[in-house]
Amino acid sequence: MTTSHKIGFGITGSFCTFAKILPVIQSLAIEGYDLYPIFSPAAATYDTRFTEAAAYRQKVETITGHPAITTIIEAEPIGPKHLLDAMIIAPCTGNTLAKLATGITDTPVLMATKAQLRNGGPVLIFVSTNDGLGLNFKNIGLLMSTQNIYFVPFKQDDPEKKPNSLVSDPTLVCDALRACLMKKQLQPVFSS
């Protein structure tokens, strides 16, 4: 399948999800999407037990064929130049959810998302947060009722040990993006 859709791919600091996101980026690239990686400061700089920041960024840049956007200044032209057909935030941390729900734009990912929404374009959120059914539940609800915001279906990833934790299903990103580009929410939103 070939497509000419230009997609912003925002990566925020849910480091435990990074390994699941690389195959998603690869799948979207194979489907022909033109992906533009956008990193939050945490994702761009923090070395963790899950990955080294520079190595992860290099892998993403190699798959997408584009240098990562890592500053608000680099992300700002996305809006006025109408550079994207859609924006994905994957993974989207609780911190990013909360800021997006309250209109805070203090990272490149949030700037790109604000720019996309300003243009009336679709935004797809891949939730990965330990407080999705806690403090961030209200933010998920608010974003679900916001025009042009869609979610990759999600579930509790460990109901016994982390009862408030939610994570989207990486196998549904391609389908969710196709639906998002048609301004539809892939159903069901809550997977089992």
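R57 and E61 are joined by a salt bridge, with their closest N and O atoms 3.1 Å apart. This is a predicted model. Both residues belong to helix 3, where they sit four residues apart, so about one helical turn separates them. The general rule is simple. An α-helix has 3.6 residues a turn, so residues three or four places apart point the same way.

How exposed are the two partners? R57 is partly exposed, with a relative accessible area of 27%. E61 is also partly exposed, at 21% relative accessibility. Buried would mean under 20%.

## The shape of helix 3

Helix 3 covers residues 53–64. Its length can be checked. At 1.5 Å a residue, these 12 residues should span 16 Å. The end C-alpha atoms are 17 Å apart, which agrees.

What follows helix 3? The next residue is G65. The phi of G65 is positive, near 75°.

## Two sides of helix 3

Which residues of helix 3 are buried? They are A53, Y56, V60 and T64. Seen down the helix axis, the buried residues fall within an arc of 70°, so they line one face of helix 3. On the other side, Q58 and T62 are exposed.

The buried residues have cover from several elements. Among them are two strands: strand 1 (6–11) and strand 2 (34–39).

## Salt bridges elsewhere

How many salt bridges does a search of the whole structure find? It finds five. The R57 and E61 pair is a salt bridge, and another links D106 with K99. The closest N and O atoms of D106 and K99 are 2.8 Å apart. D106 is partly exposed, with a relative accessible area of 37%. K99 counts as buried, at 17% relative accessibility, because the cut-off for buried is under 20%.

R178 and D175 also meet through their side chains in a salt bridge, at 2.4 Å from N to O. Both lie in helix 8 (residues 173–181). They are three residues apart, about one turn of the helix. R178 is partly exposed at 28% relative accessibility. D175 is partly exposed too, with a relative accessible area of 34%. This pair belongs to a network: salt bridges that share partners join E31, D175 and R178.

Notes. Residues are numbered from 1 along each chain as its sequence is written. This is a predicted model: local features need pLDDT of at least 70, side-chain atom pairs count only at pLDDT 80 or more; totals for chains, interfaces and linings use all residues. Side-chain values use heavy atoms; hydrogens and water are left out. The expected span of a helix is 1.5 Å times one less than its number of residues. Buried means under 20% relative accessible area, exposed over 50%, partly exposed in between (1.4 Å probe, protein chains only). The arc is that of the directions from the helix axis to the C-beta atoms. Contact means heavy atoms within 4.5 Å. A salt bridge is a side-chain nitrogen of Lys or Arg within 4 Å of a carboxyl oxygen of Asp or Glu.
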